[in-house]
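Subject: A structure for you, with notes

Hi there,

Here is the structure I promised to pass on. Please open it next to these notes and follow along.

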Amino acid sequence: MKRITQLATSVALAAVALAMPAMAQYPERPVEFVVPWPPGDIEDTLTRMIAKAVQQETGVPASTVNIKGGGGLIGATHVFSQPADGYTLGMFTGNIVSAHIIRGNATYDREEFEPLAQIIGYPMMLVTSADKPYSNLAELAEHAKSNDVSLGVFGLNGPPALQTMKMAESLGFQFANVTAYDETTCLLLANGEIDVTLGGGLLKPCLVSGEAKALAAYTTARIPIYPDVPTLEEQAPGFSTPGWAGLFVRKDTPQEARDVISAIAKRVVESDEAQAMAENTGAVVQWVPAAEASAFVDTFYSRFESLIAK
């Protein structure tokens, strides 16, 4: 009788187990990577490489979506509006988790996003047409004291733009006008729309052709492929906050999702293809893991807060 009871219990438990849905493993549906900028620059290219690897390694569709506008705010707000389940991630630049929050532009607080890693250090530079009568910041300042000089930026409240304003102030001049664009390209200089502009990889073609020249590098050290361009810190020391980008998720995102994406993304970042892209553009492409990236973001936030303090 006891054996019959045990058998009946085992059968009942097996029936319950069959009736219960199997525990899903991440990912089980499409993953979306949001780039809050137009396509074409290094953060877009690298994100597409990561999305492709996620799809190949998991068998689940993964896509990169460019949601531009508002200096990155529109794309970041989209990520914030999605569930914290690991299916919507953002490749965010520093201003998204600093400037917009500090200035009260964002609907999210600084705790709402957490980095999986800091990935990109931008080769940001201040660039002008080759025929301009200034080749460094001191010469620009001297020229601007008696001539109108217009500036184009890709994010009016971002660190590069604010550093440039501080630089001008420290060197005793101001720009005649400052215009924000979703992207800064060689065309803006070629058609005379602006005199100087802040930018990264999209300005390389006219730098290589000799149609443009760089006045300053907004980096911690001189950019290897532009060794003759002095840094902002060298020419106007005291407030440099280099540009960067990292992969972010909502704060309550499950650890399993973080682990899966991080493992795949790290392999992409450290791949020969990604490192060749870094060498070609002058950017720093490296995997700075979550804990270190989080500490870096906190430090950057503090520096940026000081940068915009009145």
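Below are my notes on the sheets, the disulfide, the salt bridges and a surface patch.

Some ground rules before the findings. This is a predicted model, in which local features need pLDDT of at least 70 and side-chain atom pairs count only at pLDDT 80 or more, while totals for chains, interfaces and linings use all residues. Residues are numbered from 1 along each chain as its sequence is written, and side-chain values use heavy atoms, with hydrogens and water left out.

**The two sheets**

Helices (H or I, at least four residues) and strands (E, at least two) are DSSP runs, numbered from the N terminus. Two strands pair if DSSP finds at least two bridges between them.

Strand 4 and strand 11 run antiparallel and are joined by four bridges, and Ala 117 stands opposite Pro 289 in strand 11.

Another open sheet, also of mixed pairing, is formed by five strands in the order 7-6-8-5-9. Strand 7 (177–180) and strand 9 (212–217) are at the edges with a single partner strand each, so one side of each has no neighbour in the sheet. In this sheet, too, neighbouring strands are turned by 25 degrees against each other on average, direction ignored.

Strand 8 (residues 196–199) pairs with strand 5 (residues 125–129) in the antiparallel sense over four bridges, and with strand 6 in the parallel sense over two bridges.

**The disulfide**

Taking a disulfide as a pair of cysteine sulfur atoms within 2.5 Å, the count comes to one. Cys 186 and Cys 206 form this link, with their sulfur atoms 2.2 Å apart. The link is left-handed, with -80 degrees about the S-S bond. Cys 186 is in helix 7 (residues 186–190) and Cys 206 in helix 8 (residues 204–209), so the pair ties together parts 20 residues apart in sequence. Both cysteines, Cys 186 and Cys 206, are buried.

**Salt bridges**

There are nine salt bridges, each being a side-chain nitrogen of Lys or Arg within 4 Å of a carboxyl oxygen of Asp or Glu. Three of them are described here.

- Glu 112 and Lys 251 meet at 3.8 Å, N to O. This pair links distant parts of the chain, 139 residues apart: Glu 112 is in the loop between helix 4 (99–102) and strand 4 (113–121), and Lys 251 in the loop between strand 10 (244–250) and helix 10 (255–269). Glu 112 is buried at 14% relative accessible area, whereas Lys 251 is partly exposed at 34%.
- Asp 195 and Lys 132 have their closest N and O atoms 3.1 Å apart. Asp 195 lies in the loop between helix 7 and strand 8, and Lys 132 in the loop between strand 5 and helix 5 (137–144), so the pair ties together parts 63 residues apart in sequence. Asp 195 counts as buried at 16% relative accessibility, and Lys 132 as partly exposed at 25%.
- Lys 266 and Glu 270 meet at 3.0 Å, N to O. Lys 266 is partly exposed at 34%, and Glu 270 is partly exposed at 44%.

**A nonpolar patch**

Finally, the surface. Leu 156, Met 165 and Val 178 form a nonpolar patch with about 220 Å² of accessible area together. Leu 156 sits in the loop between strand 6 (150–153) and helix 6 (159–170), and counts as partly exposed at 46% relative accessibility. Patches are made of residues with over 30% relative accessible area and no salt bridge, joining like charges within 9 Å and nonpolar side chains (Val, Leu, Ile, Met, Phe, Trp, Tyr) within 5 Å. Accessible areas come from the Shrake-Rupley method with a 1.4 Å probe, and for residues only the protein chains shown count as cover.

Best wishes

Definitions and conventions. Axes are lines fitted to C-alpha atoms, for helices over the stretch in contact, and angles run from 0 to 180 degrees between N-to-C directions. Buried means under 20% relative accessible area, exposed over 50%, partly exposed in between (1.4 Å probe, protein chains only).
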